Amino acid sequence: MFYTIKWTDDGVSMIDQRLLPEEEVYHLYKDYRDVAKAIKEMVIRGAPAIGIAAAMGIAIGVEKLSDDISKEDLEKEFIKICNVMKETRPTAVNLFWAIERMKKKFYDVMEKDFKEIKKQIIEEAKKIHEEDIFCNRKMGHIGQLLIKDNWTILTHCNAGALATGGYGTAIGVIRAAWEYGKKIRVFVDETRPYLQGARLTSWELVKLGIPATLITDNMAGYFMSKGEIDCVVVGADRIATNGDVANKIGTYSLSVLAKENNIPFFVAAPVSTIDFNIKSGSEIPIEERDRREVTHIKERVIAPEGVDVKNPAFDVTPSSNITAIITEKGILKYPYEINIGKLRN
Ligand code: MRU
């Protein structure tokens, strides 16, 4: 099997998701700036996974500081490291959630001796990773209750082990249903332009032995209208307190198609994906990515140079199109404002 990200005594190790499914290459990062670059350049991607990477990047940054640093310089350096992590990707709130958690730990232990600070900062990053896997398994266990035997499930992008600390959110629900013995099949949207569905989700499902059928994004409506899809399960990058969900571009269109065809539309995400500071999806910053992802497939040009291009990486699905949000704390349904509000601590 593979792993997405791992803390080692020598640095942070990650599988290079840009090279999948052709090559399984692991890189070892020993500098926090390189971890930030890896997040920015999509070596690691997926909301929970980039949160874990940012936490481990911060831990590496602190670990590498000189032992005789003054408290004042330590704080300055720590803030600098956090700011570098913050600048990597704007949409997935798990990144900012993880940075805030590392900050809280830092200020809790700041008065201790530096050896102890390093130890506790590293422990916190490892804990964020472990907790994410635990949440995924719990979500899977809870979410599989919504999946019936013999169902065909459509998923979009990659919300699997590769997008998380391990196991997956949307794919975690699918995996759990499979592990409980349900005979299911998965339709995987290829997910243009970056092809996370074709390259990553189908790779994970083939490895797991779960029956998977790859389709291009524009085929989803066709299969829904023919009654071949029983439900949609996707992950999330940020959830507003009214239940609006930002996820990979194309998720909104799928939700509209699902509603039109009376198909349940489920979102699986840990509570760390809820942004308790925003009221609706319109407040979520949407990352605009390089035009090259649209005009090229790998090195191959598929559009003329002079054409204008837009490449928003995410869209927002209104909560009115969402049947349920599966979290590690339970299944949330309408009215989302009230039910999400209950999770606030
Ligand atoms: O641009 P990406 O690949 O980081 O986008 C990932 C997604 O949109 C996932 O669906 C989302 O992060 C959920 S992952 C558990």
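## Two cis prolines

Proline 21 sits in a loop of this predicted model. That loop runs between strand S2 (11-15) and strand S3 (26-29). The peptide bond that joins leucine 20 to proline 21 is cis. Its omega is about 5°.

A cis peptide bond also joins tyrosine 334 and proline 335. Here omega is about -5°. Proline 335 is in a loop too, between strand S15 (330-332) and helix H11 (336-341).

## A positive phi

Look next at leucine 195. Its phi is near 65°. That is a positive value, and the residue is not a glycine. Leucine 195 belongs to the loop between strand S5 (185-189) and helix H7 (196-208).

Threonine 8 is part of strand S1, which covers residues 5-8. Follow its side chain. A polar atom there lies 3.1 Å from the backbone nitrogen of aspartate 10. The side chain of threonine 8 also reaches the backbone oxygen of glycine 11, at 2.8 Å.

## Where the ligand sits

The ligand sits in the largest cavity. Around the ligand are 19 residues. The closest are Arg45, Arg89, Asp237, Asn247 and Lys248.

Helix H2 (47-63) supplies at least two residues of the shell, as does strand S9 (245-248).

## What the shell is made of

Which classes of residue make up the shell around the ligand? Eight residues are nonpolar. Seven are polar, and four are charged.

Where does the protein meet oxygen atoms of the ligand? Start with arginine 89. An N or O atom in its side chain is 2.8 Å from an oxygen atom of the ligand. Aspartate 237 has a side-chain N or O atom that is also 2.8 Å from an oxygen atom of the ligand. Glycine 46 uses its backbone instead: an N or O atom there lies 2.9 Å from an oxygen atom of the ligand.

How much of the ligand's accessible area does the protein cover? On its own, the ligand has 410 Å² of accessible area. The protein covers 99% of that area.

How values were computed
Residues are numbered from 1 along each chain as its sequence is written. This is a predicted model: local features need pLDDT of at least 70, side-chain atom pairs count only at pLDDT 80 or more; totals for chains, interfaces and linings use all residues. Side-chain values use heavy atoms; hydrogens and water are left out. A residue is near a molecule or strand if one of its heavy atoms lies within 4 Å of it. A polar contact is a pair of N or O atoms within 3.5 Å; within protein, one must be able to donate a hydrogen and the other to accept it, and residues adjacent in sequence count only if both atoms are side-chain atoms. Accessible areas come from the Shrake-Rupley method with a 1.4 Å probe; for residues, only the protein chains shown count as cover. On a 1 Å grid over the protein atoms alone, a cavity is a set of points where a 1.4 Å probe fits but cannot get out, and a pocket is an open set with protein on both sides within 12 Å along at least five of seven lines; lining residues have an atom within 4 Å of a point. A molecule sits in a cavity or pocket if more than half of its atoms lie within 2 Å of its grid points. Helices (H or I, at least four residues) and strands (E, at least two) are DSSP runs, numbered from the N terminus. Ala, Val, Leu, Ile, Met, Phe, Trp, Tyr, Cys and Pro count as nonpolar, Asp, Glu, Lys and Arg as charged, and the others, Gly among them, as polar.
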